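This briefing is meant for someone meeting the structure for the first time. It begins with a term that the later points rely on and then goes through the topics one by one.

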2 protein chains.
Amino acid sequence: MRPPAASAHRAVTISDVAAAVGVATSTVSRALSQPGRVSEAMRQRVVAAANELGYYPNPQARSLILGRTQSLTLLIPDVTNPFYFGLIRGAQSQSKARGYRLLLVDTEELGGVEASYLDELHKSTDGVILAASRLSDDELAAAAVRLPIVTINRDVAGVPSVIIDTPAAAVQALDHLVSLGHTSIAYLAGPATSWSSRKRWRALQQAAKRHGVALQQLGPFAPTRQAGAAAADAILTTTVTAGLFFNDLLAIGALGRFAERGVVVPRDLSVVGCDDIFGADFCNPPLTTLAAPVEQAGRVATDMLLRSIQRRADGSAADGHHERLATYLTIRESTGAAPASTRSERPA
Amino acid sequence: MRPPAASAHRAVTISDVAAAVGVATSTVSRALSQPGRVSEAMRQRVVAAANELGYYPNPQARSLILGRTQSLTLLIPDVTNPFYFGLIRGAQSQSKARGYRLLLVDTEELGGVEASYLDELHKSTDGVILAASRLSDDELAAAAVRLPIVTINRDVAGVPSVIIDTPAAAVQALDHLVSLGHTSIAYLAGPATSWSSRKRWRALQQAAKRHGVALQQLGPFAPTRQAGAAAADAILTTTVTAGLFFNDLLAIGALGRFAERGVVVPRDLSVVGCDDIFGADFCNPPLTTLAAPVEQAGRVATDMLLRSIQRRADGSAADGHHERLATYLTIRESTGAAPASTRSERPA
DNA sequence: CTGAAAGCGCTAACAT
DNA sequence: ATGTTAGCGCTTTCAG
């Protein structure tokens, strides 16, 4: 049973409730938010009246005095990139569980948008989760002084972060390819500003050296399906027999292009993606990929942020804790034995 | 050049700026929000000081007095359902363009969560976009009295809404199947509470009668990939040669199950999805589907909501305008000629 | 064109 | 245990 809606206009306030019960507003406030500090009888009368009148607290007024908004903000570069879906869900559910609301902002891959939001948000959110930030280390560190921040996949001193450990998994992927007989492999890099891409490339280089296989970097490519066609064409100018793609979006785009050009995956070329996004398991062929625990990352980031907010409230020093989430290789059907003949002889 | 951050703690307020310039706070307020009502010289001095000090307005304080929060809320049943991605993006970008922030809430397919949010949100958001609401007509109408609401795919008197016209496209899909020789077809229904599913079924029934083909409904099914396996098995107990699925998620799930059971699509069975979500074009085989203009729906809903908010502020009567967005059949590779032999003889 | 003062809804001392 | 009072940061009468 929903209480009767407040008459057309003015909303029900705490003083309406106070008047109805015949007490001071402070008593109502206490009864509602610090039940221990009023008599049980009073609490019940107040709660009854509040329900009766359809009273709901005004979060703005509360925020103004308390200095916290009970809302967190998730800044992501592109809401349509499925990689972030899990992040959104994880952050959303955890925020809700902790009694916070989640604001979602799409920065459209623009560092400038990111920076201006961080300035404006200052007062309207209690903390920010920054996914795949395009900001410089200095900008990030500066922002973190003013506002609790947790980054995802970005390692800046003094700024807590969740790191999805794809470099380690990328090495597993390389091992996998080497075990299948591949000796010449390409890494299709992400945006030049991507910290993850650089990290992964470095890890791959070392592993390639250890295995004694040839590894080359192509790109950078935008992390999109459209760019996948370009990545596919780039790889076809080389003689590699396998490609490690910056992410699944790029790999899926490439898969389509390979099909167009008559390149059969994995017979002619093996393809490895990254992230295990929605679709990676039902594309054609299903993608061997690095399964990033994205939703977990969203939850963990939220908890770290909440802890960081708490710490600030207590006046403790800021922390720069980093949480590293393991990522594992998931083998599906886009990788297979290296072709016997050299790749340059492939029909194309 | 970012202004120097405010010293560790207290945020810069309008009175800090006023003190710096040596004027009253009201002057600063006017200079910043009603530039016309202050001398140009004064405006410049104030703006300079504000930048100097790193002043940003406190939206909470402003909301409190203005009675609007400059934020809209998008309530969706499941953030991980790719159908909503476009909606999120459309609503997000349009909100931003109009100077509003977007709050995202996942109701987890629960009507109760939806209802309680509508109550609480009352004061913290200026309006709500309700996608695929699980609420009853009465509940919706009641909520719309208290708060500007726009629904998506839900037709309730007095509540403005955006209707993605899938029934019309479903009829196109039926025509398509009939033209391919299918005479016995199944509709794999969505949740019983889904208004869209019911509407579509009704439109299909009429069209089937017109064509003189047999149409049966199976389900209801959850709108998920998992449920797709159940839907696939259900369809295999019948002799239909084609299935129209409630949405792409369900269809993609079914595609996987068909592959497992050796049913070749479209040779043995034609499959039609709905929504054209991310993945519909690269699953195996690519899905014939009804391409819903989802991102547009998000933008349109946002604009309608803003208009509705405006109308309320002006004291005009509430409107119940409905915007219908055309949806078209997109033919890909999951539909083909009806098998010559009857489906019950299919290898399985 | 600018200043003084009141007040949005709520909470937190400080009384009693 | 409850009432009184002040004030969070801002906008807006109302004066001048």
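This is a predicted model: local features need pLDDT of at least 70, side-chain atom pairs count only at pLDDT 80 or more; totals for chains, interfaces and linings use all residues.

Helices and strands are here DSSP runs, helices of at least four residues and strands of at least two, numbered from the N terminus. With that numbering, the place of P266(B) can be given as the loop between α11 and β9 (270-272) of chain B.

- Chain B can be superposed on chain A by a rotation of 180° with 0.0 Å of shift along its axis, and the RMSD is then 0.1 Å.
- This is the relation of a two-fold axis, and the same surface serves both copies, since 100% of the contact residues of chain B recur in chain A.
- The contact between the chains involves 38 residues of chain B and 39 residues of chain A.
- On the side of chain B that touches chain A, at least two residues each are supplied by α4, α5 (83-97), β2 (101-106), α6 (111-121), α7 (137-146) and α11 (248-260) of chain B.
- That side of chain B is made up, by class, of 19 nonpolar, 12 polar and seven charged residues.

**Around DNA strand C**

- There are 25 residues around DNA strand C, and those that come nearest are T13(A), I14(A) and S26(A) from one chain with S26(B) and T27(B) from the other.
- Both chains take part in the surface near DNA strand C, where α2 (25-33) and α4 (59-66) of chain A, as well as α2 (25-33) and α4 (59-66) of chain B, each supply at least two residues.
- The largest share of this surface near DNA strand C is that of α4(A), which gives five residues.
- By class, the surface near DNA strand C holds 13 nonpolar, 10 polar and two charged residues.

**Around DNA strand D**

- DNA strand D likewise has 25 residues around it, of which V23(A), S26(A), T13(B), I14(B) and S26(B) come nearest.
- Two or more residues of the surface near DNA strand D come from each of α2 and α4 of chain A and α2 and α4 of chain B.
- The surface near DNA strand D divides into 13 nonpolar, nine polar and three charged residues.

**Helices that cross**

- In chain A, the axes of helix α1 (residues 14-21) and α2(A) come within 8 Å and cross at roughly 105°, and these two helices are therefore roughly perpendicular to each other.
- The residues that meet there are I14(A), S15(A), V17(A), A18(A) and V21(A) in α1(A), and T25(A), T27(A), V28(A) and S29(A) in α2(A).
- This contact of α1(A) with α2(A) has five nonpolar and four polar residues, and no charged residues.
- In chain B, the axes of α2(B) and helix α3 (residues 40-53) come within 9 Å and cross at roughly 95°, which makes α2(B) roughly perpendicular to α3(B).
- From α2(B) the contact draws on T27(B), V28(B), A31(B) and L32(B), and from α3(B) on M42(B), R43(B), V46(B), V47(B) and A50(B).
- Of the residues in this contact of α2(B) with α3(B), seven are nonpolar, one is polar and one is charged.

- Q94(B) has its place in helix α5 of chain B, and it counts as buried because it has 22 C-beta neighbours inside 10 Å, the cut-off for a buried residue being 20 or more.
- Although Q94(B) and D303(B) are 209 residues apart in sequence, their C-alpha atoms are 7.5 Å apart in space.
- Leaving aside residues up to four places away in sequence, Q94(B) touches G298(B), R299(B), T302(B) and D303(B).

**Backbone features in loops**

- A cis peptide bond with an omega of about 5° joins V265(B) and P266(B).
- Another cis peptide bond, with an omega of about 10°, joins G219(A) and P220(A), and P220(A) lies in the loop between β7 (214-218) and α10 (225-236) of chain A.
- D275(A), found in the loop between β9 (270-272) and β10 (289-291) of chain A, has a positive phi of about 115° although it is not a glycine, and with 28 C-beta neighbours inside 10 Å it counts as buried.
- A132(B), in the loop between β3 (127-131) and α7 of chain B, is not a glycine either but has a positive phi of about 45°, and it is buried, with 25 other C-beta atoms within 10 Å.

Technical notes:
Residues are numbered from 1 along each chain as its sequence is written. Chains are lettered from A and ligands numbered from 1 in the order in which they are written. A residue is near a molecule or strand if its C-beta atom, placed from the backbone, lies within 6 Å of it. Ala, Val, Leu, Ile, Met, Phe, Trp, Tyr, Cys and Pro count as nonpolar, Asp, Glu, Lys and Arg as charged, and the others, Gly among them, as polar. Two residues are in contact if their C-beta atoms, placed from the backbone, lie within 7 Å. Copies are superposed by least squares on the C-alpha atoms of residues with pLDDT of at least 70 in both. A residue is buried if 20 or more other C-beta atoms lie within 10 Å of its own, exposed if 12 or fewer, and partly exposed in between; C-beta atoms are placed from the backbone. Axes are lines fitted to C-alpha atoms, for helices over the stretch in contact, and angles run from 0 to 180 degrees between N-to-C directions. Angles under 35 degrees count as roughly parallel, over 145 as roughly antiparallel, 65 to 115 as roughly perpendicular and the rest as oblique.
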